[in-house]
Each structure stands twice: as C-alpha cells, then as structure tokens.
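Take a look at the model below.

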Amino acid sequence: MTLEHFMKQAISPWMQEGGPDNDIVLSSRIRLARNCADTPFPIIAGENSLEKICHIFQQSYEHQTFQNYEDFEFILINDLTPIERWVLVEKHLISPHLAKKVQNAAALISKNEQVSVMINEEDHIRIQLYFPGLQLAKALKKAFDLDDWIEEKVDYAFDETKGYLTSCPTNVGTGMRASVMMHLPALTVTKQLNRMIPAINQLGHVVRGIYGEGSEAQGNIFQISNQITLGKSEEDIVEDLQSVVQQLIEYERKARNRIIEQSNKSLEDRIYRSYGILEYSRIIESKEAATCLSNVRLGIDLGLIKNVSRNILNQLMVLTQPGFLQHYAKKALTANERDVLRASLIRERLQLEKK
Amino acid sequence: MECQECHKRPASLHFSQTVNGNKTEVYVCEVCAKEKGYMTYPEEGYSLHDLLSDLFNFDAAQIGSHNKTFQQTTELQCPECKMNFSSFKRTGKFGCAQCYHTFSKHIDPIFRRVHSGNTKHSGKIPKRKGGNLHTKKQIEQHKQEIQQLIENEAFEEAAIVRDKIKELERQIHHSEEVDDS
Ligand SMILES: [Zn+2]
Ligand SMILES: [Zn+2]
C-alpha cells in the first residue's frame with residue numbers, strides 16, 4: 001500500500017470539502033436512534049429477530065443510492081478482522097459498542113462515508129450523518145430525509161407521548177444526538193473552556209474530549225452535543241446547540257487574537273517547535289503527536305505556517321491512532337513499535353506537502 | 001447589554017432554556033450566573049450511570065417509606081420481553097417498546113431528571129406510521145395561532161383559522177370511522 005493511498009483512507013471523502021467556520025469547527029453530526037416496533041431491543045432480543053433486521057437492511061438498502069449518498073455498502077461486523085473494525089471506529093463510522101458485537105451487528109455506509117447506519121447497536125437502527133464545518137440545520141434536514149427513506153421499509157417503535165422509543169431513557173423522544181467537533185486550542189490554553197463547561201452543561205449540552213482518556217482532550221478537539229432529547233423539537237435542539245457553538249467560536253477567535261497580541265514570540269515559538277518535532281522526531285507518543293498537531297493546525301489557521309493543508313490535523317489524528325497504524329503495518333504492533341511508526345508516518349506525510 | 005440580575009456588570013453569558021415548551025432568554029454576568037445557579041459545578045463530569053442509580057435509590061426510598069410491603073408485592077414484569085423492573089433498574093435500559101407502558105408509573109421522574117423537567121415528546125412524527133398525529137399537530141399549531149390572532153384583535157383571521165381546525169377535526173373523525181369499519 002502506498003502512503004498516498006493509505007492517507008486517502010484516513011480522510012472520508014466528505015471531509016475533503018470545506019465547510020462554514022472550518023477554522024474552528026471540524027464537523028457537524030446528527031444521529032437518530034430508531035427501533036423496530038414488535039421486536040425486543042438488541043440487549044434482550046433473540047438472535048433470530050436481530051438476524052431478520054439485518055436481512056431487511058441487506059435486502060432493501062445494499063448498493064442503493066439515496067439523493068447524493070451513493071452505493072451503500074452493507075457490512076456485517078462479524079466479517080471484519082479486529083483491525084478493520086478498529087479502523088471503522090477510528091473513522092467514527094461505527095461505535096466501539098458495535099465493533100465488539102459478534103453476531104447480527106451490521107453497518108450500512110454510503111460511498112462518500114457521510115452516512116452510516118448502525119444496525120443492532122444499542123438500538124436496532126442508528127442513523128448517523130456528517131457534514132464538514134458548522135452545518136447542523138442542513139444535516140438535520142438530510143437526516144430527516146434519510147429517516148423517512150428507512151421508515152419506508154421498517155415500522156418504527158413510536159409512542160404519541162414519549163416519541164421514538166429507545167433502549168436507553170436518555171435517548172427517548174427525538175432519539176436525536178446533534179454534535180459538533182471543535183478545535184479549541186486558545187480556549188484550552190487560557191483555561192477559559194474549563195470555566196465555560198458548567199454553563200454549557202446547564203443549557204443541556206455536554207462537552208467532552210474526542211481523543212484521549214478521562215478529562216484530557218488530546219489535540220484540543222472537543223465534541224459538544226445535546227443532552228436533552230425529550231420535550232423539545234429537533235429544530236429547537238439544533239438551534240440551541242448552534243447558538244452555543246457560535247458563542248464558543250467567537251470566544252475562541254477572541255482568545256486567539258489575545259494570545260497573539262500578548263505572547264510576543266512565545267506562541268510562534270511553540271508552533272514552530274511543534275512543527276520541528278513532527279518533522280524530525282523518530283519516536284512519538286500519541287499524546288505528544290496530538291499536542292504538536294494541534295499547535296501546527298493553529299499555526300496554519302493564524303497564517304504563520306503556509307503551504308501545509310488545513311486538514312492535516314483531522315487526517316493525522318485519525319491516521320496515527322493504534323488501529324490505523326496496525327492496519328498500515330498489516331500486523332499487530334507493540335506500543336513502542338507504534339510510536340516509531342507514528343513518527344515515521346507523520347514525517348512522510350509532511351514530506352508530501354512539500355511536493 | 002447589562003446583567004439581568006445585578007444590573008451592574010455587563011452580561012457575558014447567554015442562556016436560552018426550554019422547559020415544557022416555554023423558551024426563556026437570560027443574559028447575566030459570570031458572577032450572577034454562579035450565584036443564581038445558572039452555573040452549577042458538577043463534581044466529576046456527567047455520568048449517566050451514577051445519575052440513574054441515584055434516581056432509582058431515591059425512587060425506592062420514597063416508595064419504601066410510604067409502603068413498606070412494596071418489596072413483597074409481585075414485581076412488575078414486561079409481558080412482551082419479560083424484563084422485570086429490578087433488571088431495568090440495574091441496567092438502566094428498556095427491553096422493548098412495551099416496557100414503556102409496563103413501567104409507565106415509575107419512569108416519569110427519570111425522564112424529568114434526564115430531560116430538564118420534560119416528559120412529553122414534541123418533535124418529529126414518523127411520516128408513514130404517524131397517521132392522524134400529523135393532523136393533530138397541525139391543529140395544535142392552529143390553536144396557538146388563534147390565541148395570537150385574538151390577542152391582536154384580528155378576529156376575521158381567527159375565524160378563518162377556526163374553520164381550518166374544524167376541517168382538520170372532520171378529517172380525523174372521518175379516518176377513525178374508516179378504521180372502525
Ligand atoms: Zn450580574
Ligand atoms: Zn419489554
């Protein structure tokens with residue numbers, strides 16, 4: 001496998017296009033949880049009934065095209081190697097929960113990887129749709145279209161007062177989780193974000209790091225999503241989330257400007273040091289790589305680093321995850337071996353920019 | 001804009017909250033946000049599991065104090081998927097759609113806590129399966145419209161909307177008769 005071909009796999013086709021506020025918002029996502037009426041939820045259902053649901057999807061949707069989502073691929077999780085599953089998780093196309101399932105779990109993924117439908121995860125059906133940049137309202141409209149398309153073949157579990165019925169009480173009602181992935185280096189370094197999180201929670205939104213464990217967010221990449229799914233319409237939820245995100249964008253831009261004014265050469269120094277580390281290191285752990293990538297991306301956004309493409313952050317964050325590294329190596333790797341391969345991939349990736 | 005609470009400092013935070021359909025906008029400074037409880041600091045992030053187990057303990061304690069024989073009474077079990085209430089409490093997950101009806105008396109406090117006081121869906125209705133619900137939703141919207149028109153003393157327009165409601169209600173009535181036959 002050539003490096004270029006491998007790189008292309010890390011970035012889903014839809015990610016290559018830019019979107020509104022792309023300097024801070026990496027992507028927007030809408031997820032709808034749905035269940036089939038008259039079939040117990042996956043945690044309790046017998047394998048026969050789950051198999052039937054898989055069958056419906058394979059029969060009705062495999063290789064189908066809906067609007068601009070072409071040629072859906074139907075994938076049985078059981079047919080994948082552990083590393084292939086890991087790669088789909090790192091691309092956010094399936095959840096870790098689905099990847100661990102042995103039987104009758106499947107995914108339906110559009111060719112451009114913008115749409116992925118998980119089958120027999122916690123709920124029978126989870127429709128996920130991504131858009132580059134901040135485009136929640138557009139994503140919601142498209143998600144509704146997809147939802148209607150799937151409802152043509154499936155009777156949904158729906159209740160007049162409780163809405164779409166889900167296995168977990170936290171999803172009932174709209175079954176919708178809207179989320180936005182944001183790069184917030186300035187709010188993180190000034191510790192402003194930590195002070196804002198309680199207020200954001202209070203509004204019914206959740207902030208969490210995408211990469212790394214616990215409270216630490218590697219690469220300063222955060223996901224903001226709605227917590228409430230009952231009692232508000234999808235449009236209102238999306239509008240509220242949008243206003244929080246817009247406020248965060250504004251604060252992040254202000255914080256960036258302030259840092260530039262106040263830091264003299266120290267910010268520039270940190271950005272270029274990070275660039276140097278990525279370009280020359282021979283062993284790099286994921287945490288250090290994430291920090292450096294975040295700094296370099298900030299340098300690109302601030303116009304300090306030129307001739308390096310913006311999506312290097314998203315791309316290398318995905319590419320240097322353990323699953324992808326082992327997919328590239330075509331074998332299982334120890335942590336040390338991964339650190340060596342990570343460093344070498346990053347160096348080569350930066351070389352490609354200079355061609 | 002000045003802070004709505006202290007009217008001294010500039011408002012630096014904006015909250016819009018929807019509880020049971022009523023949207024309120026609040027503009028406050030950071031100090032007031034903390035003092036008046038717009039900002040609460042959770043100890044360690046958001047853990048659904050902790051939240052659910054707290055809720056169930058609370059629920060059990062309440063029931064226990066009112067009715068000591070609760071533990072002995074036959075446990076609720078879903079006729080459809082056979083999940084019983086204690087395993088729902090343990091996992092925090094429903095077994096099937098029917099569970100919502102089976103456990104209906106005990107789950108609204110959970111929804112209220114998880115969804116900021118809400119217990120009733122007000123979003124999308126399935127396109128195909130929704131049936132009369134789409135019409136009912138339209139009627140609700142028209143009723144709100146009428147309220148607004150009457151407040152503005154636009155009685156002629158209100159009468160037109162009222163006729164629309166009658167027509168929609170007639171449609172529902174008709175389709176229900178068809179269903180019965
Ligand atoms: Zn104040
Ligand atoms: Zn049940």
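## A pair within one helix

Start with Glu353(A). Its side chain makes a salt bridge with Arg349(A), and the closest N and O atoms are 2.9 Å apart. Both residues belong to helix α14 of chain A, residues 335-354. They sit four residues apart, about one turn of the helix. Keep in mind that this is a predicted model.

The cut-off for buried is under 20%. Arg349(A) is buried as well, at 7% relative accessibility. Elsewhere, salt bridges with shared partners link Glu121(A), Glu122(A), Asp123(A), Arg126(A) and Lys93(B) into one network.

Arg253(A) is in helix α9 of chain A, residues 234-262, while Asp23(A) is in the loop between α2 (13-16) and β1 of chain A, so the pair ties together parts that are 230 residues apart in sequence. Arg253(A) is partly exposed, with a relative accessible area of 33%. Asp23(A) counts as buried, at 16% relative accessibility.

Glu250(A) forms a salt bridge with Lys254(A), and their closest N and O atoms are 3.6 Å apart. Both residues lie in helix α9 of chain A. They are four residues apart, about one turn of the helix. Glu250(A) has a relative accessible area of 44%, so it is partly exposed. Lys254(A) is partly exposed too, at 43%.

## Buried parts of chain A

Next, pick out Ile30(A). It is found in strand β1 of chain A, residues 25-34. Its relative accessible area is 0%, so Ile30(A) is buried. Which residues does Ile30(A) contact, leaving aside its neighbours within four places in sequence? Among them are Ile127(A), Leu129(A), Leu136(A), Leu140(A), Met176(A) and Val238(A). Ile30(A) and Phe144(A) are 114 residues apart in sequence, and their C-alpha atoms are 9.7 Å apart in space.

Helix α4 of chain A covers residues 82-90. Its buried residues are Arg85(A), Val87(A), Leu88(A), Val89(A) and Glu90(A). What covers them? The cover includes α5 (96-99), β3 (106-109), α12 (312-319) and α13 (322-329) of chain A. After α4(A) comes His92(A), with a positive phi near 65°.

## The zinc site in chain B

Turn to the zinc ion (ligand 2). Which residues coordinate it? Cys78(B), Cys81(B), Cys96(B) and Cys99(B) do, each through its SG atom, at 2.3 to 2.4 Å. The angles between the four donor atoms run from 99 to 124°, so the arrangement is tetrahedral. Along the sequence the donor residues follow the spacing C-x2-C-x14-C-x2-C.

Cys78(B) lies in the loop between α2 (48-66) and α3 (85-91) of chain B, and Cys96(B) lies in the loop between α3 and α4 (99-102), so the pair ties together parts that are 18 residues apart in sequence. Both Cys78(B) and Cys96(B) are buried.

## Where the chains meet

How many residues take part in the contact between the chains? Chain B gives 47 residues and chain A gives 50 residues. The area buried between chain B and chain A is about 4,500 Å². Carbon and sulfur atoms give 57% of that area. Three residues, His115(B), His121(B) and Lys124(B), supply 16% of the area that chain B buries against chain A, more than any other three residues.

Polar and charged groups take part too. Between chain B and chain A, 22 residue pairs are in polar contact. Six salt bridges cross the interface. In one salt bridge, Lys124(B) pairs with Asp148(A), and the closest N and O atoms are 2.7 Å apart. On the side of chain B that touches chain A, β1 (13-19), α4, α5 (104-114) and α6 (132-151) of chain B each supply at least two residues. The largest share of that side, five residues, comes from β1(B).

Conventions
Residues numbered from 1 in each chain as written. Chains lettered and ligands numbered in written order. Predicted model: local features only at pLDDT ≥ 70, side-chain atom pairs only at ≥ 80, totals over all residues. Heavy atoms only, no water. Donors = N, O, S within 2.8 Å, 3.2 Å for Na, K, Ca; no water. Tetrahedral: all angles 85-135°; square planar, octahedral: opposite > 155°, others 65-115°. Buried < 20%, exposed > 50% of the residue type's maximum accessible area, 1.4 Å probe, protein only. Contact = heavy atoms within 4.5 Å. Salt bridge = Lys/Arg side-chain N within 4 Å of Asp/Glu carboxyl O. Buried area = accessible area lost by both parts, 1.4 Å probe. Polar contact = N/O pair within 3.5 Å; in protein donor to acceptor, adjacent residues only side chain to side chain.
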